[in-house]
Structures are given as structure tokens and as C-alpha cells.
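Here is a walk through one protein model with a ligand in it, written for someone who likes distances and angles. Have the viewer open while you read.

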Amino acid sequence: MKFRNFKMIDYVVYGRGCFDQLDEIIAPHRKNDAPMIFLLDHFFQKNDAFKSRIPLRGNDMLIDADVAHEPKTSYVDELAQQIKSKYGSVSGVIGIGGGSAMDLAKAVSIMMTNPGKAQDYQGWDLVKQPSVYKAGIPTLSGTGAEVSRTTVLTGPTRKLGMNSDFTPFNQIVLDPELTKNAPVNQRFYTGMDCFIHCIESLKGTYINEFSRSYGEKAQELCEEVFLHKNEWNDESDEQLMMASYAGGMSIAYSQVGVAHAVSYGLGYLLGTKHGIGNCIVFNHLQEFYPEGVAAFHKMVEKNSIDIPAGITKGLTDEQFDTMINVSLGMAPLWENALGKDWQTIMTREKLRALYEKL
Ligand code: NAD
Ligand code: ZN
């Protein structure tokens, strides 16, 4: 057995209002005239009060990150090219936003120092050069992108991350105040990404004490905010932010499972977003995760959330095959969920029947 020796983020600052320490935190990483690049989730485009708190100095650049679609390799290349042609080199890249903006920041920082195109690095350990300094600042809680070793990108031929030791952030800034105004539905979908990470990790065959200790805590926090509390308050933002972090730590040393494997197929074919896609699938996974799905149903009801249905209605056989191929290609996820003999359990027919239910 070979144990994974995984690279973690370098620094974490946590606390309500800690965003205002950003200037001081990044100061030592500024190199002469090379600017810091701030990639800001376009949700904040018109929020001047928030923008004025971003510590722009000298020739720093603030870019509105278009996250209408989840990050594509072509968009990463476009941003990296835009920055390189303007400045040559930069001091660092700072992503502020949901999982999409943070993933973009990771990928762009890698492309500042690695030749070629972003698509060349989709896979495991293909990145060869350390990135420029990079920091991640979540404004939605749940994906765990702030702690993970990957950045999920849709390329010309596949949806796959740049999974490498050079991918984790050098710094993360966990300020629960930044998630305060997230709309109820979006907060739920992204929060459930975390809940599903926990269930898939805890119920998977790869589980170990490292992952369990983080996963149990994260699950407890998700249930606290979405099930046991009657009202959303500041403490809920704090709890969900820590759930996201711990959920990410849990899967770092285990793996996700059925919901993610099936949701990837939806994302690839239909562009369904990660959080909502996971919810659409998890809603039908009683057979695999009975207790987790029962708790999920209660949370959906309690928070009056709308989970879309019928999204695969009318698709052709060819389209179902595409989703099935993408999904079954995620072997480690299936192996974690169902064990070494997963192929005899999750046949193409069974997966097709599951997709037809969604
Ligand atoms: P997101 O980043 O895609 O954002 C969803 C929407 O919420 C966007 O319209 C965004 O503008 C908006 N938004 C962001 N912050 C907001 C706020 N405070 N208030 C209101 N709206 C806000 O959503 P997400 O669920 O955080 O992230 C999903 C992405 O994360 C996907 O691209 C997925 O592939 C990726 N992901 C990455 C990892 C990883 O390990 N790298 C893990 C899971 C998911
Ligand atoms: Zn996820």
C-alpha cells in the first residue's frame, strides 16, 4: 500500500471581517512593480462598497470573472493571455468568489508559469512548474475548492481538473461575512455539495480515520444549519464555512462517490452546475446512501428548496451514452462508492435507468 503524501494550503486566516487583513497578508508577496491580479466573481461587479475594500495598489488589476458557466480551459487561457500581454509577469493571483472564481484563480496562476494551454494540464500531476503566488477567498461555502488540490475545468475533450501539488492555494481567507447575502437556493445547492462530499466520503470504501474525523464534523455542521436551526444567522455562515473546509479535507484523503460520478455526466452534456447537479442526482440515491438521502429530503423540505426534475427527458440514446461514458470513466469514484467489483454493480443499463429518473 502506498500512502498519499498530499500538499496542503500554506496559510489560513479565519474570522468575521478578516478580509480587511488582506492588504497586510499579501504585502510580503508583492514583487517590485509586478501587480497583484484580483479575479472577482462577477456577482460583485456592481457592489462598490465591497470593491472599495479590495486592496488595490500600484498597477494591480481587478478583473470581473465571468462565472455564468463553470470554468472552461479556453477562458483560463484567455485570462492568462490578457494578463501576460499587459504585464509580462505578476506577483500573484487572488480569486474572490464561489468555487468557480476560486478554480479560475488557481488555473490562471498555474498558466502564468507553465507553457502551452490549460487543457494540457487536465489530469493528475501534469503541472511541472510552481504557479505564481495565489490566494482564495470564498464568498459561497460548500465546494471545498478553497482547500482542494484540484481546479475543475471543462476542456475541449473532457471535464477534468488540474490535479497537482502546485494547485493548492498559498493562502486562503475565510471570512464568513462574505457569504452573508447569498440567495437561499444557491446557498443550499453549494452547501449540499459539502453535505454530499461528507456522505460519499463517510460511506465509501476508501474511508479512514483522517477523512472520517473531518467528514463527521462537516456533516454535523451542515445538518445544524440546514436542519436543526430555525433561522439563518451569522453563526450559520460561520458553521457552513467551516463545514466546507472540513468536507474538503475529508475528501482530500478519501474520494467522492455516486452523486459526483453521475453529476459529472450531466455537467458534461447539459452544462448542469456542480451544486445543483449533485442535488438532482442525490435526490434519487436512496439505494446507495439511505440515511444521507433521507436527511437530504428533510433539508430540502425544511428550506423549501426546489430541486429540478425531468432534466433528461427527451434525450437521445446517443446523449444518454455520452453521459454514461463520462460517468463510468470516473473509476476511482465508483470504486470508492461500490468497491472493487463496482462494474458488476453499476452496469450501463442500471446507470441509464438512473439517468432517466433525473
Ligand atoms: P459558483 O462559483 O459557480 O457560483 C454560483 C453563482 O453564485 C454565480 O452566479 C456566482 O456569481 C454567484 N455568487 C458567488 N458568491 C455569491 C454571493 N456571496 N452571493 C450571491 N451570489 C454569489 O458556485 P459554487 O457552488 O461555489 O462553485 C461551483 C464550482 O466549483 C464549479 O465550477 C465546480 O466545478 C467547482 N468545484 C471545484 C472543486 C474543487 O475542488 N476545485 C470542488 C467542487 C466544486
Ligand atoms: Zn462536489
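**The ligand site**

Keep in mind throughout that this is a predicted model. Start with ligand 1, which has 26 residues around it. Coming nearest are Asp 41, Ser 100, Thr 139, Ser 148 and Thr 190. The side chain of Asp 41 puts an N or O atom 2.4 Å from an oxygen atom of ligand 1. The side chain of Thr 190 does likewise, with an N or O atom 2.7 Å from a ligand oxygen.

How much of the ligand's accessible area does the protein cover? On its own, ligand 1 has 860 Å² of accessible area, and the protein covers 92% of that. As for where the shell comes from, the elements giving two or more residues are α4 (99–111) and α5 (184–202). On the domain level, at least three shell residues come from domain 1 (11–179), and at least three from domain 2 (184–357). By residue class, the shell holds 10 nonpolar, 12 polar and 4 charged residues.

**The aromatic rings**

On to the rings, where the model has 14 aromatic pairs. A pair of aromatic rings is described by the distance of the centres and the angle of the planes. Take Phe 43 and Phe 44: their ring centres are 5.0 Å apart and their planes meet at 85°, and an angle over 60° makes the pair edge-to-face. Phe 44 has 7% relative accessibility, under the 20% limit, so Phe 44 counts as buried.

Then there is the pair of Phe 195 and Phe 282, with ring centres 6.4 Å apart and planes at 85°, so this one is edge-to-face as well. Which parts of the chain does this pair link? Phe 195 belongs to helix α5 and Phe 282 to helix α9 (residues 274–282), so to speak distant parts of the chain, 87 residues apart. Both Phe 195 and Phe 282 are buried. The two rings are also members of one aromatic cluster, formed by Phe 188, Phe 195, Phe 226, Trp 232, Phe 282, Tyr 289 and Phe 296.

**Two positive phi values**

Most residues other than glycine have a negative phi. Two residues here go the other way. Asp 125 has a phi near 60°, and Asp 125 lies in the loop between β5 (123–124) and β6 (133–138). With a relative accessible area of 38%, Asp 125 falls between the 20% and 50% limits and is therefore partly exposed. Ser 304 has a positive phi of about 50°, and its place is in the loop between α10 (290–302) and α11 (317–328). At 63% relative accessibility, Ser 304 is over the 50% limit, so Ser 304 counts as exposed.

**A buried asparagine and some C-alpha distances**

Asn 336 sits in helix α12 (residues 331–338). Its relative accessible area is 0%, so Asn 336 is buried. What does the side chain of Asn 336 reach? The backbone nitrogen of Tyr 206, at 2.9 Å.

| Pair | Apart in sequence | C-alpha to C-alpha |
|---|---|---|
| Val 173 and Tyr 11 | 162 residues | 8.5 Å |
| Gly 275 and Arg 57 | 218 residues | 35 Å |
| Glu 231 and Gly 88 | 143 residues | 49 Å |

Some context for the residues named at the left of each row. Val 173 is in strand β9 (residues 171–174), and at 0% relative accessibility Val 173 counts as buried. Gly 275 is found in helix α9 and is buried too, at 13% relative accessibility. Glu 231 lies in the loop between α6 (209–228) and α7 (234–252), and with a relative accessible area of 65% Glu 231 is exposed.

Key. Residues numbered from 1 in each chain as written. Chains lettered and ligands numbered in written order. Predicted model: local features only at pLDDT ≥ 70, side-chain atom pairs only at ≥ 80, totals over all residues. Heavy atoms only, no water. Near = heavy atom within 4 Å. Polar contact = N/O pair within 3.5 Å; in protein donor to acceptor, adjacent residues only side chain to side chain. Areas by Shrake-Rupley, 256 points an atom, 1.4 Å probe, with all protein chains shown as cover. Helix = DSSP H or I, 4+ residues; strand = E, 2+ residues; numbered from the N terminus. Nonpolar A, V, L, I, M, F, W, Y, C, P; charged D, E, K, R; others polar. Domains from an automatic or database assignment. Phe/Tyr/Trp six-rings, centres within 6.5 Å; stacked < 30°, edge-to-face > 60°. Buried < 20%, exposed > 50% of the residue type's maximum accessible area, 1.4 Å probe, protein only.
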